[in-house]
Amino acid sequence: MANVNIIQIENLSKAFGDLVILDNISLDVKAGENLVVFGRSGTGKSVLLKCIIGLLKPDNGNIYIKEQNIIDLNLKELNKIRKHTSFLFQGAALYDSMTVRENLAFHLTRNVEINADEVEKKILDTLDLVSLKEAVDKMPSELSGGMKKRIGLARSIITDPEVIFYDEPTTGLDPISSKEISELIRDLQKELNMTSIIVTHDLICANIISDRAIFLRDGKIAYKGTLDELKTSKDKFLIDFFSKDLIN
Amino acid sequence: MKIPHIINKRNKTNVEKLYNFFATVTGLSVFSWEFFKQLFIPPYEIAQIKKHMTELGMKTFPIVSITGFLIGFVLVMQSEPVFIRFGASDFLPGASALSVVRELGPIITALIFAGRVSSGIGAELGSMRVTEQIDAMEVSAINPFKYLVVTRVIATTMILPILSIYVIFLAVIGGYIALVISQGMNFEYYKNAVIASIEFGDLIPSIAKTFVFGYIVGIVGSYKGYIADGGTEGVGLASTTAVVLASLIILLFDTVLVKISLFIWPM
(Lines give C-alpha, C1' and ligand atoms only; values in the text may rest on other atoms or scores of the structure.)
Protein backbone atom coordinates (compact mmCIF):
# COMPACT_ATOMS: atom_id res chain seq x y z
CA MET A 1 0.00 0.00 0.00
CA ALA A 2 2.87 2.33 0.91
CA ASN A 3 4.04 2.80 -2.66
CA VAL A 4 0.62 3.19 -4.25
CA ASN A 5 -0.17 6.67 -5.52
CA ILE A 6 -3.36 7.74 -3.78
CA ILE A 7 -3.35 11.16 -5.49
CA GLN A 8 -2.00 11.90 -8.95
CA ILE A 9 -2.05 15.35 -10.48
CA GLU A 10 -1.30 15.79 -14.19
CA ASN A 11 -0.62 19.12 -15.87
CA LEU A 12 -2.88 21.10 -13.54
CA SER A 13 -3.42 24.76 -14.43
CA LYS A 14 -5.59 27.39 -12.81
CA ALA A 15 -5.86 31.12 -13.49
CA PHE A 16 -8.14 33.85 -12.16
CA GLY A 17 -8.63 36.20 -15.10
CA ASP A 18 -5.17 37.02 -16.42
CA LEU A 19 -3.47 35.96 -13.20
CA VAL A 20 -1.99 32.48 -13.57
CA ILE A 21 -1.90 30.77 -10.17
CA LEU A 22 -0.99 27.19 -11.06
CA ASP A 23 0.87 26.49 -14.27
CA ASN A 24 1.03 22.92 -15.55
CA ILE A 25 1.68 21.21 -12.21
CA SER A 26 2.18 17.44 -11.96
CA LEU A 27 2.49 15.67 -8.64
CA ASP A 28 2.07 12.22 -7.08
CA VAL A 29 1.25 11.55 -3.43
CA LYS A 30 1.76 8.06 -2.05
CA ALA A 31 -0.59 6.34 0.39
CA GLY A 32 0.40 7.03 4.00
CA GLU A 33 2.72 9.87 3.01
CA ASN A 34 2.85 13.35 4.55
CA LEU A 35 3.52 15.89 1.83
CA VAL A 36 4.23 19.48 2.85
CA VAL A 37 3.52 22.26 0.36
CA PHE A 38 5.63 25.38 0.83
CA GLY A 39 5.51 28.66 -0.99
CA ARG A 40 5.29 32.36 -0.40
CA SER A 41 1.89 33.95 0.17
CA GLY A 42 -0.25 34.07 -2.96
CA THR A 43 1.64 31.34 -4.80
CA GLY A 44 -1.40 29.07 -5.05
CA LYS A 45 -0.89 26.60 -2.20
CA SER A 46 -4.48 26.80 -0.98
CA VAL A 47 -5.73 26.93 -4.58
CA LEU A 48 -3.91 23.64 -5.20
CA LEU A 49 -5.68 22.02 -2.23
CA LYS A 50 -9.06 23.43 -3.28
CA CYS A 51 -8.58 22.08 -6.81
CA ILE A 52 -7.71 18.62 -5.47
CA ILE A 53 -10.83 18.49 -3.28
CA GLY A 54 -13.07 19.88 -6.03
CA LEU A 55 -13.87 23.26 -4.47
CA LEU A 56 -12.26 24.98 -7.46
CA LYS A 57 -12.40 23.71 -11.02
CA PRO A 58 -9.02 23.71 -12.75
CA ASP A 59 -8.70 25.24 -16.22
CA ASN A 60 -6.64 22.29 -17.44
CA GLY A 61 -5.25 19.00 -16.21
CA ASN A 62 -6.38 15.87 -14.42
CA ILE A 63 -6.61 15.03 -10.73
CA TYR A 64 -6.86 11.38 -9.75
CA ILE A 65 -7.87 10.42 -6.23
CA LYS A 66 -7.81 6.66 -5.71
CA GLU A 67 -7.48 6.28 -9.48
CA GLN A 68 -10.64 8.25 -10.25
CA ASN A 69 -10.30 11.45 -12.23
CA ILE A 70 -12.36 13.92 -10.18
CA ILE A 71 -12.54 16.35 -13.11
CA ASP A 72 -14.88 13.96 -14.94
CA LEU A 73 -17.11 13.26 -11.95
CA ASN A 74 -20.54 14.72 -11.28
CA LEU A 75 -21.31 16.01 -7.78
CA LYS A 76 -22.79 12.72 -6.58
CA GLU A 77 -19.71 10.76 -7.68
CA LEU A 78 -17.38 13.43 -6.30
CA ASN A 79 -19.14 13.24 -2.94
CA LYS A 80 -18.46 9.50 -2.83
CA ILE A 81 -14.74 10.33 -3.07
CA ARG A 82 -15.10 13.13 -0.53
CA LYS A 83 -16.43 10.67 2.04
CA HIS A 84 -12.90 9.21 2.10
CA THR A 85 -11.16 12.58 2.44
CA SER A 86 -11.18 15.43 4.92
CA PHE A 87 -10.10 19.07 5.02
CA LEU A 88 -8.86 21.14 7.94
CA PHE A 89 -9.39 24.79 7.08
CA GLN A 90 -7.10 27.60 8.16
CA GLY A 91 -9.67 29.00 10.62
CA ALA A 92 -10.98 25.48 11.48
CA ALA A 93 -14.40 26.47 9.97
CA LEU A 94 -16.37 25.11 12.91
CA TYR A 95 -20.12 25.65 12.57
CA ASP A 96 -20.91 28.63 14.81
CA SER A 97 -24.47 27.59 15.53
CA MET A 98 -23.55 24.09 16.74
CA THR A 99 -21.84 22.82 19.87
CA VAL A 100 -18.62 20.84 19.57
CA ARG A 101 -20.65 17.60 19.88
CA GLU A 102 -23.01 18.71 17.10
CA ASN A 103 -20.10 19.79 14.90
CA LEU A 104 -18.59 16.32 15.12
CA ALA A 105 -21.90 14.47 14.90
CA PHE A 106 -22.94 16.48 11.84
CA HIS A 107 -20.08 15.11 9.73
CA LEU A 108 -20.20 11.65 11.24
CA THR A 109 -23.91 10.87 10.91
CA ARG A 110 -24.10 12.16 7.36
CA ASN A 111 -21.13 10.22 6.06
CA VAL A 112 -21.07 6.99 8.04
CA GLU A 113 -23.84 4.51 8.84
CA ILE A 114 -23.80 4.48 12.61
CA ASN A 115 -26.30 4.27 15.47
CA ALA A 116 -26.82 6.93 18.13
CA ASP A 117 -24.87 5.15 20.91
CA GLU A 118 -21.90 4.62 18.65
CA VAL A 119 -22.03 8.28 17.59
CA GLU A 120 -21.64 9.46 21.17
CA LYS A 121 -18.81 7.02 21.85
CA LYS A 122 -17.01 7.96 18.64
CA ILE A 123 -17.32 11.68 19.43
CA LEU A 124 -15.89 11.25 22.92
CA ASP A 125 -13.10 8.93 21.71
CA THR A 126 -12.11 11.38 18.97
CA LEU A 127 -12.15 14.33 21.36
CA ASP A 128 -9.97 12.27 23.68
CA LEU A 129 -7.42 11.91 20.86
CA VAL A 130 -7.11 15.70 20.68
CA SER A 131 -7.29 16.01 24.51
CA LEU A 132 -10.45 18.09 24.51
CA LYS A 133 -13.09 15.75 25.86
CA GLU A 134 -14.22 18.41 28.32
CA ALA A 135 -15.14 20.81 25.48
CA VAL A 136 -17.88 18.55 24.11
CA ASP A 137 -20.75 20.86 25.07
CA LYS A 138 -18.99 24.14 24.37
CA MET A 139 -19.87 26.48 21.50
CA PRO A 140 -17.07 27.42 19.07
CA SER A 141 -17.19 31.01 20.37
CA GLU A 142 -16.09 29.71 23.79
CA LEU A 143 -12.91 28.09 22.40
CA SER A 144 -9.43 29.57 21.97
CA GLY A 145 -7.65 29.52 18.58
CA GLY A 146 -5.66 26.41 19.47
CA MET A 147 -8.74 24.62 20.80
CA LYS A 148 -10.63 25.44 17.60
CA LYS A 149 -7.83 23.89 15.55
CA ARG A 150 -7.91 20.77 17.71
CA ILE A 151 -11.69 20.47 17.39
CA GLY A 152 -11.36 21.10 13.66
CA LEU A 153 -8.83 18.29 13.55
CA ALA A 154 -11.15 16.03 15.55
CA ARG A 155 -13.97 16.80 13.11
CA SER A 156 -11.65 16.00 10.21
CA ILE A 157 -10.61 12.59 11.51
CA ILE A 158 -13.90 11.41 12.99
CA THR A 159 -15.00 9.84 9.71
CA ASP A 160 -11.70 7.89 9.47
CA PRO A 161 -10.67 9.46 6.15
CA GLU A 162 -7.90 8.01 4.03
CA VAL A 163 -6.61 11.44 2.99
CA ILE A 164 -6.55 14.71 4.95
CA PHE A 165 -5.79 18.13 3.53
CA TYR A 166 -4.48 20.72 5.97
CA ASP A 167 -4.59 24.40 5.02
CA GLU A 168 -2.12 26.22 7.29
CA PRO A 169 -2.91 24.12 10.39
CA THR A 170 -0.71 26.18 12.72
CA THR A 171 -1.25 29.71 11.43
CA GLY A 172 -2.12 32.18 14.17
CA LEU A 173 -0.96 29.93 16.99
CA ASP A 174 1.87 30.56 19.43
CA PRO A 175 4.99 28.37 18.92
CA ILE A 176 4.07 25.95 21.72
CA SER A 177 0.51 25.40 20.47
CA SER A 178 1.88 25.17 16.95
CA LYS A 179 4.28 22.42 18.01
CA GLU A 180 1.52 20.59 19.90
CA ILE A 181 -0.84 20.66 16.92
CA SER A 182 1.95 19.51 14.60
CA GLU A 183 2.84 16.60 16.88
CA LEU A 184 -0.82 15.73 17.13
CA ILE A 185 -1.14 15.64 13.34
CA ARG A 186 1.96 13.45 13.09
CA ASP A 187 0.77 11.08 15.83
CA LEU A 188 -2.69 10.77 14.33
CA GLN A 189 -1.21 10.12 10.93
CA LYS A 190 0.93 7.33 12.36
CA GLU A 191 -1.90 5.87 14.43
CA LEU A 192 -4.55 6.02 11.73
CA ASN A 193 -2.22 5.62 8.71
CA MET A 194 -3.71 8.53 6.79
CA THR A 195 -2.24 10.34 3.82
CA SER A 196 -1.81 14.06 4.38
CA ILE A 197 -1.13 17.11 2.25
CA ILE A 198 -0.17 20.03 4.45
CA VAL A 199 0.04 23.62 3.23
CA THR A 200 2.15 25.62 5.63
CA HIS A 201 4.67 28.40 6.13
CA ASP A 202 5.61 27.03 9.50
CA LEU A 203 9.00 25.34 9.50
CA ILE A 204 8.49 23.89 12.98
CA CYS A 205 5.32 22.21 11.76
CA ALA A 206 7.02 20.97 8.57
CA ASN A 207 9.98 19.62 10.55
CA ILE A 208 7.66 17.51 12.68
CA ILE A 209 5.27 16.33 10.00
CA SER A 210 6.85 16.09 6.59
CA ASP A 211 8.01 12.99 4.76
CA ARG A 212 8.44 14.98 1.57
CA ALA A 213 8.05 18.63 0.56
CA ILE A 214 7.43 20.67 -2.54
CA PHE A 215 7.93 24.39 -3.03
CA LEU A 216 5.56 26.39 -5.26
CA ARG A 217 6.93 29.41 -7.05
CA ASP A 218 5.50 31.33 -10.02
CA GLY A 219 2.74 28.76 -10.37
CA LYS A 220 5.11 25.81 -10.73
CA ILE A 221 6.72 23.25 -8.46
CA ALA A 222 10.10 24.91 -8.24
CA TYR A 223 11.70 22.46 -5.81
CA LYS A 224 10.86 19.07 -4.40
CA GLY A 225 12.52 16.56 -2.10
CA THR A 226 12.75 15.85 1.59
CA LEU A 227 12.68 18.84 3.92
CA ASP A 228 16.37 18.37 4.69
CA GLU A 229 17.19 18.46 0.98
CA LEU A 230 15.29 21.70 0.58
CA LYS A 231 16.84 23.24 3.68
CA THR A 232 20.38 22.36 2.63
CA SER A 233 19.89 23.40 -0.98
CA LYS A 234 22.41 25.88 -2.40
CA ASP A 235 19.63 27.68 -4.26
CA LYS A 236 19.60 31.32 -3.15
CA PHE A 237 15.82 31.53 -3.04
CA LEU A 238 15.50 28.52 -0.74
CA ILE A 239 18.34 29.75 1.45
CA ASP A 240 16.53 33.08 1.84
CA PHE A 241 13.17 31.43 2.46
CA PHE A 242 14.30 29.05 5.15
CA SER A 243 16.69 31.43 6.88
CA LYS A 244 14.04 34.13 7.16
CA ASP A 245 11.62 31.58 8.47
CA LEU A 246 14.10 30.47 11.12
CA ILE A 247 14.81 34.04 12.21
CA ASN A 248 11.07 34.69 12.54
CA MET B 1 -24.75 25.95 -10.21
CA LYS B 2 -22.87 28.79 -11.85
CA ILE B 3 -23.66 32.16 -10.27
CA PRO B 4 -22.34 35.29 -12.01
CA HIS B 5 -19.73 37.15 -10.00
CA ILE B 6 -20.76 40.53 -8.54
CA ILE B 7 -18.17 43.32 -8.72
CA ASN B 8 -17.56 44.31 -5.10
CA LYS B 9 -15.56 47.50 -4.93
CA ARG B 10 -16.00 51.13 -4.00
CA ASN B 11 -16.62 53.75 -6.72
CA LYS B 12 -18.02 51.45 -9.38
CA THR B 13 -18.35 52.83 -12.92
CA ASN B 14 -21.79 53.01 -14.55
CA VAL B 15 -20.89 50.04 -16.74
CA GLU B 16 -19.95 48.01 -13.65
CA LYS B 17 -23.22 49.00 -11.95
CA LEU B 18 -25.16 47.89 -15.02
CA TYR B 19 -23.19 44.65 -15.10
CA ASN B 20 -23.98 44.07 -11.40
CA PHE B 21 -27.69 44.65 -12.05
CA PHE B 22 -27.82 41.97 -14.75
CA ALA B 23 -25.52 39.67 -12.75
CA THR B 24 -27.92 39.95 -9.77
CA VAL B 25 -30.99 39.23 -11.92
CA THR B 26 -29.23 36.23 -13.51
CA GLY B 27 -27.82 35.07 -10.17
CA LEU B 28 -31.22 35.18 -8.48
CA SER B 29 -32.77 33.27 -11.40
CA VAL B 30 -30.07 30.59 -11.24
CA PHE B 31 -30.45 30.41 -7.46
CA SER B 32 -34.23 30.04 -7.74
CA TRP B 33 -33.88 27.33 -10.37
CA GLU B 34 -31.46 25.45 -8.12
CA PHE B 35 -33.93 25.77 -5.22
CA PHE B 36 -36.78 24.15 -7.19
CA LYS B 37 -34.41 21.48 -8.52
CA GLN B 38 -33.30 20.51 -5.03
CA LEU B 39 -36.66 20.95 -3.32
CA PHE B 40 -37.84 17.42 -4.09
CA ILE B 41 -34.51 15.63 -3.67
CA PRO B 42 -33.97 13.86 -0.32
CA PRO B 43 -32.86 14.38 2.43
CA TYR B 44 -35.74 16.76 3.22
CA GLU B 45 -34.18 18.17 6.42
CA ILE B 46 -37.57 18.45 8.14
CA ALA B 47 -35.97 19.12 11.54
CA GLN B 48 -34.06 22.09 10.11
CA ILE B 49 -37.19 23.49 8.46
CA LYS B 50 -39.10 23.26 11.76
CA LYS B 51 -36.20 24.88 13.60
CA HIS B 52 -36.01 27.78 11.15
CA MET B 53 -39.79 28.27 11.18
CA THR B 54 -39.79 28.46 14.97
CA GLU B 55 -36.79 30.79 15.09
CA LEU B 56 -38.04 33.11 12.35
CA GLY B 57 -41.55 33.16 13.78
CA MET B 58 -40.30 33.96 17.28
CA LYS B 59 -37.87 36.55 15.96
CA THR B 60 -40.56 38.56 14.15
CA PHE B 61 -43.50 37.86 16.47
CA PRO B 62 -43.07 40.88 18.81
CA ILE B 63 -42.52 43.46 16.07
CA VAL B 64 -45.36 42.25 13.84
CA SER B 65 -47.68 42.14 16.85
CA ILE B 66 -47.08 45.81 17.65
CA THR B 67 -47.14 46.83 13.99
CA GLY B 68 -50.31 44.85 13.25
CA PHE B 69 -52.24 46.48 16.05
CA LEU B 70 -51.00 49.97 15.17
CA ILE B 71 -51.78 49.62 11.44
CA GLY B 72 -55.47 49.09 12.19
CA PHE B 73 -55.54 51.67 14.96
CA VAL B 74 -53.86 54.47 12.95
CA LEU B 75 -55.72 53.61 9.73
CA VAL B 76 -59.10 54.05 11.45
CA MET B 77 -57.95 57.21 13.27
CA GLN B 78 -56.78 58.76 10.01
CA SER B 79 -59.76 57.59 7.95
CA GLU B 80 -62.51 58.52 10.39
CA PRO B 81 -62.57 62.32 9.68
CA VAL B 82 -62.46 61.64 5.92
CA PHE B 83 -65.37 59.19 6.07
CA ILE B 84 -67.35 61.63 8.25
CA ARG B 85 -66.64 64.44 5.78
CA PHE B 86 -68.10 62.36 2.94
CA GLY B 87 -71.00 61.17 5.10
CA ALA B 88 -69.87 57.56 4.94
CA SER B 89 -68.91 56.83 8.54
CA ASP B 90 -71.09 53.69 8.55
CA PHE B 91 -68.67 52.17 6.02
CA LEU B 92 -65.58 52.82 8.12
CA PRO B 93 -65.33 49.39 9.87
CA GLY B 94 -65.78 47.47 6.63
CA ALA B 95 -63.57 49.75 4.52
CA SER B 96 -60.68 49.75 6.97
CA ALA B 97 -60.88 45.97 7.41
CA LEU B 98 -60.91 45.55 3.62
CA SER B 99 -57.79 47.73 3.27
CA VAL B 100 -56.03 45.69 5.91
CA VAL B 101 -57.05 42.33 4.46
CA ARG B 102 -56.45 43.09 0.79
CA GLU B 103 -53.21 45.06 0.98
CA LEU B 104 -51.89 46.64 4.16
CA GLY B 105 -51.68 43.50 6.29
CA PRO B 106 -49.78 41.32 3.80
CA ILE B 107 -47.47 44.00 2.40
CA ILE B 108 -46.48 45.55 5.72
CA THR B 109 -45.90 42.15 7.29
CA ALA B 110 -43.78 41.18 4.28
CA LEU B 111 -41.70 44.37 4.46
CA ILE B 112 -41.10 44.00 8.19
CA PHE B 113 -40.29 40.33 7.67
CA ALA B 114 -37.83 41.29 4.91
CA GLY B 115 -36.14 43.82 7.18
CA ARG B 116 -35.84 41.40 10.06
CA VAL B 117 -35.28 38.05 8.35
CA SER B 118 -33.72 38.70 4.95
CA SER B 119 -30.89 40.67 6.56
CA GLY B 120 -30.48 37.98 9.23
CA ILE B 121 -30.21 35.19 6.67
CA GLY B 122 -27.85 37.31 4.53
CA ALA B 123 -25.58 37.98 7.52
CA GLU B 124 -25.68 34.40 8.79
CA LEU B 125 -24.91 32.73 5.47
CA GLY B 126 -22.46 35.51 4.55
CA SER B 127 -20.57 34.89 7.75
CA MET B 128 -20.57 31.14 7.06
CA ARG B 129 -19.26 31.80 3.56
CA VAL B 130 -16.35 34.06 4.56
CA THR B 131 -15.31 31.77 7.43
CA GLU B 132 -15.31 28.78 5.04
CA GLN B 133 -18.09 26.95 6.92
CA ILE B 134 -20.01 26.46 3.65
CA ASP B 135 -16.86 25.08 2.00
CA ALA B 136 -16.40 22.78 5.01
CA MET B 137 -19.84 21.29 4.37
CA GLU B 138 -19.16 20.91 0.68
CA VAL B 139 -15.84 19.06 1.10
CA SER B 140 -17.50 16.77 3.64
CA ALA B 141 -19.98 15.54 1.02
CA ILE B 142 -22.83 17.50 2.63
CA ASN B 143 -24.97 19.56 0.27
CA PRO B 144 -24.79 23.09 1.75
CA PHE B 145 -27.42 24.47 -0.62
CA LYS B 146 -29.93 21.88 0.53
CA TYR B 147 -29.06 22.19 4.21
CA LEU B 148 -28.72 25.97 4.44
CA VAL B 149 -30.73 27.51 1.61
CA VAL B 150 -33.62 25.17 0.79
CA THR B 151 -34.59 24.76 4.46
CA ARG B 152 -34.56 28.53 5.09
CA VAL B 153 -36.55 29.37 1.96
CA ILE B 154 -39.20 26.75 2.79
CA ALA B 155 -39.39 28.14 6.34
CA THR B 156 -39.84 31.77 5.22
CA THR B 157 -42.41 30.71 2.60
CA MET B 158 -44.46 28.83 5.19
CA ILE B 159 -44.19 31.24 8.12
CA LEU B 160 -45.03 34.56 6.41
CA PRO B 161 -48.66 33.63 5.56
CA ILE B 162 -49.20 32.64 9.20
CA LEU B 163 -47.75 35.93 10.41
CA SER B 164 -49.84 37.86 7.86
CA ILE B 165 -53.09 36.29 9.07
CA TYR B 166 -52.08 37.16 12.62
CA VAL B 167 -51.27 40.77 11.63
CA ILE B 168 -54.60 41.13 9.80
CA PHE B 169 -56.42 39.89 12.88
CA LEU B 170 -54.56 42.32 15.17
CA ALA B 171 -55.10 45.21 12.75
CA VAL B 172 -58.84 44.59 12.74
CA ILE B 173 -58.77 44.57 16.56
CA GLY B 174 -56.70 47.79 16.48
CA GLY B 175 -59.34 49.41 14.25
CA TYR B 176 -62.05 48.38 16.67
CA ILE B 177 -60.15 49.86 19.66
CA ALA B 178 -59.76 53.16 17.76
CA LEU B 179 -63.52 53.23 17.10
CA VAL B 180 -64.30 52.36 20.71
CA ILE B 181 -62.17 55.33 21.84
CA SER B 182 -63.64 57.78 19.32
CA GLN B 183 -67.25 56.55 19.02
CA GLY B 184 -67.72 53.99 21.78
CA MET B 185 -68.58 51.46 19.06
CA ASN B 186 -70.43 48.27 19.87
CA PHE B 187 -68.34 45.11 19.22
CA GLU B 188 -71.23 43.17 17.71
CA TYR B 189 -71.90 45.97 15.19
CA TYR B 190 -68.20 46.22 14.29
CA LYS B 191 -67.84 42.45 13.91
CA ASN B 192 -70.91 42.18 11.66
CA ALA B 193 -69.78 45.12 9.52
CA VAL B 194 -66.35 43.61 9.04
CA ILE B 195 -67.64 40.10 8.22
CA ALA B 196 -70.23 41.47 5.82
CA SER B 197 -67.65 43.48 3.88
CA ILE B 198 -65.00 40.78 3.41
CA GLU B 199 -65.50 38.18 0.70
CA PHE B 200 -63.70 35.05 -0.39
CA GLY B 201 -62.08 36.96 -3.26
CA ASP B 202 -60.57 39.41 -0.76
CA LEU B 203 -58.96 36.91 1.55
CA ILE B 204 -57.58 34.17 -0.72
CA PRO B 205 -55.39 36.25 -3.09
CA SER B 206 -54.03 38.37 -0.27
CA ILE B 207 -52.94 35.30 1.69
CA ALA B 208 -51.74 33.53 -1.46
CA LYS B 209 -49.38 36.36 -2.32
CA THR B 210 -47.74 36.17 1.11
CA PHE B 211 -46.37 32.74 0.12
CA VAL B 212 -44.63 34.52 -2.78
CA PHE B 213 -43.37 37.30 -0.49
CA GLY B 214 -42.06 34.72 1.97
CA TYR B 215 -40.25 32.95 -0.83
CA ILE B 216 -38.71 36.26 -1.97
CA VAL B 217 -37.47 37.08 1.55
CA GLY B 218 -35.83 33.66 1.88
CA ILE B 219 -34.31 33.39 -1.58
CA VAL B 220 -32.92 36.95 -1.67
CA GLY B 221 -31.40 36.71 1.83
CA SER B 222 -29.90 33.32 1.05
CA TYR B 223 -28.57 34.45 -2.33
CA LYS B 224 -26.88 37.53 -0.91
CA GLY B 225 -25.33 35.55 1.95
CA TYR B 226 -24.29 32.60 -0.20
CA ILE B 227 -22.31 34.76 -2.65
CA ALA B 228 -20.79 37.05 -0.01
CA ASP B 229 -17.07 37.68 -0.15
CA GLY B 230 -14.57 40.22 1.13
CA GLY B 231 -14.58 39.43 4.85
CA THR B 232 -16.70 41.29 7.39
CA GLU B 233 -17.40 44.12 4.94
CA GLY B 234 -18.87 41.55 2.57
CA VAL B 235 -21.09 40.17 5.34
CA GLY B 236 -22.40 43.67 6.16
CA LEU B 237 -23.04 44.33 2.48
CA ALA B 238 -24.87 41.01 2.10
CA SER B 239 -27.09 41.88 5.04
CA THR B 240 -28.04 45.41 3.94
CA THR B 241 -28.43 44.68 0.23
CA ALA B 242 -30.61 41.67 1.07
CA VAL B 243 -33.15 43.95 2.79
CA VAL B 244 -33.17 46.54 0.02
CA LEU B 245 -33.41 43.98 -2.77
CA ALA B 246 -36.04 41.84 -1.03
CA SER B 247 -38.22 44.89 -0.26
CA LEU B 248 -37.96 46.14 -3.83
CA ILE B 249 -38.82 42.76 -5.35
CA ILE B 250 -41.73 42.34 -2.92
CA LEU B 251 -43.19 45.69 -4.03
CA LEU B 252 -42.69 44.84 -7.71
CA PHE B 253 -44.32 41.43 -7.33
CA ASP B 254 -47.13 42.97 -5.29
CA THR B 255 -48.02 45.22 -8.22
CA VAL B 256 -48.12 42.26 -10.59
CA LEU B 257 -49.99 39.97 -8.18
CA VAL B 258 -52.64 42.63 -7.42
CA LYS B 259 -53.27 42.94 -11.14
CA ILE B 260 -53.54 39.15 -11.51
CA SER B 261 -55.84 38.77 -8.50
CA LEU B 262 -58.12 41.55 -9.79
CA PHE B 263 -58.29 39.71 -13.10
CA ILE B 264 -59.20 36.40 -11.44
CA TRP B 265 -61.49 37.86 -8.73
CA PRO B 266 -62.84 41.16 -10.10
CA MET B 267 -64.42 43.52 -7.50
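**View 1. Helix α8 of chain B, a predicted model.** Helix α8 (residues 231–264) of chain B has 34 residues, which at 1.5 Å a residue should span 50 Å, and its end C-alpha atoms lie 48 Å apart, in agreement. The expected span is 1.5 Å times one less than the number of residues. Helices (H or I, at least four residues) and strands (E, at least two) are DSSP runs numbered from the N terminus. The model is predicted: local features need pLDDT of at least 70 and side-chain atom pairs count only at pLDDT 80 or more, while totals for chains, interfaces and linings use all residues. Residues are numbered from 1 along each chain as its sequence is written, and chains are lettered from A and ligands numbered from 1 in the order in which they are written. Chain B averages a pLDDT (the predictor's confidence in each residue, from 0 to 100) of 93.

**View 2. The buried residues of α8(B).** Among the buried residues of this helix are V235(B), A238(B), A242(B), A246(B) and I250(B). A residue is buried if 20 or more other C-beta atoms lie within 10 Å of its own, exposed if 12 or fewer, and partly exposed in between, with C-beta atoms placed from the backbone. Their cover includes α3 (92–130) and α7 (200–226) of chain B. A246(B) touches A114(B), S118(B), I216(B), V217(B), V220(B) and G221(B), not counting residues up to four places away in sequence. Contact requires C-beta atoms, placed from the backbone, within 7 Å.

**View 3. The largest nonpolar core.** Of its 127 residues, V37(A), V100(B), V217(B) and A246(B) touch the most other members. Helix α5 (residues 144–183) of chain B supplies the largest share, 17 residues. Such a core is a set of buried Ala, Val, Leu, Ile, Met, Phe, Trp, Tyr and Cys residues joined through C-beta atoms within 7 Å.

**View 4. The two domains of chain A.** The assignment gives domain 1 (1–66 + 164–248) and domain 2 (85–160); such bounds come from an automatic or database domain assignment. Their centres, taken over C-alpha atoms, are separated by 24 Å. Domain 1 of chain A brings 15 residues to the contact and domain 2 of chain A brings 16 residues. On the domain 1 side, β7 (163–167) and α6 (175–192) of chain A each give two or more residues, and α6(A) gives the most, with 5 residues.

**View 5. The contact between the chains.** Here 10 residues of chain B are in contact with 13 residues of chain A. The predictor gives the complex an ipTM of 0.90 and a pTM of 0.89.

Definitions and conventions
Contact = placed C-beta atoms within 7 Å.
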